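The structure is shown first.

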Amino acid sequence: PEDRRVAIDPNHSHFVFVDDGKEGESAFGCEIDLRAEFETCICTTSFGNDDEGHPLPTPPMVLLVVGGGPNTLENVLATLKQARPVVVFVDSGGAAKHMRDWWDNLALRAKKSPAAKSDDVLLQSFDLVLPAGWTEDKYRDRLRQICELGKQPRGAMKMPQLSFFSTSDDVSAGNDLDMRILTSLLSDVEKMMEAVNLAVSWGEPTIIRNQLDESREHDKSGLARVFEKALLLDNAPVVETLIQYNAQAKAVRLSKLWHATLKNLGMVGGDGDVNLP
């Protein structure tokens, strides 16, 4: 029927359709497991080597959650089961706010606060209108699993996989959307120097300091590579930060810096030959 059709997003360039044989409302959500597995395939693949022959870092990912309903919970749960980070935009309402409310209520219970609510009372406050195949018990179970998996520390910074962003939070307490997303991405990176490499690409000295402060031993060769990258990117604050952590200039390949400078000046031809005036 016409009223059960869903328009595809015109802002997307490509689409992957999943057909598991179901039709109508029962078909909603059949793509979730495949999507999570496909994302993991992308995020565990190195797409080439650098100029030294080292495999390029695997791409990290973060799931951004805006509003949503029951199947949004399924998407979040599938992502967390694949050990991928999730950032929830609380102010968008729907399932996003329900996750935050459930998370906060668990924290109140842990503190034995009289403000903590029972599961039933909290669910009633959500005024749920559930589609076919969903019950309050199922909704409760998904929230419970999400919070359980979301609190697990992972990645180079050993951070919980589930985090929340709200415009009502105090800016002085770290309420910075860009930083929240970037920091969450780093929980999808296991090696500290890979995280530093990403932070250098982003031009974020604060994240670089946080990473290096967390590690007692620094990979000198890795630090030299990211130092060289910062010089190539001509990012003075990042270069200064890395020098503070004893990045050694003697390990930088000056020939590469020289070639990059000439290229920026338009003095390197398409064949790689230097064209001096």
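## Largest pocket

Which element gives the most to the lining of the largest pocket? Helix H1 does, with five residues; helices (H or I, at least four residues) and strands (E, at least two) are DSSP runs, numbered from the N terminus. Helix H1 (32-43), strand S1 (63-66) and helix H2 (70-81) each supply at least two lining residues.

The volume of this pocket is about 1,400 Å³. Among its 33 lining residues, Phe15, Val16, Phe17, Val18 and Glu31 are the closest to the centre. A pocket here is an open set of points on a 1 Å grid where a 1.4 Å probe fits, with protein on both sides within 12 Å along at least five of seven lines, and lining residues have an atom within 4 Å of a point.

## Model basis

This is a predicted model, in which local features need pLDDT of at least 70 and side-chain atom pairs pLDDT 80 or more, while totals for chains, interfaces and linings use all residues. Residues are numbered from 1 along each chain, and side-chain values use heavy atoms, without hydrogens and water.

## Salt bridges

Twelve salt bridges are counted, each a side-chain nitrogen of Lys or Arg within 4 Å of a carboxyl oxygen of Asp or Glu. One of them joins Lys97 to Asp101 at 2.9 Å; these residues are four apart in helix H3 (residues 94-110), about one helical turn.

Arg140 and Asp120 form another, at 3.1 Å from N to O. Arg140 lies in helix H5 (residues 136-150) and Asp120 in helix H4, so the pair ties together parts 20 residues apart in sequence. Glu74, Asp141, Arg142 and Arg144 are linked in a salt-bridge network.

Methods. Grid points are joined across faces, edges and corners, and a volume is the space filled by probe spheres set on the points.
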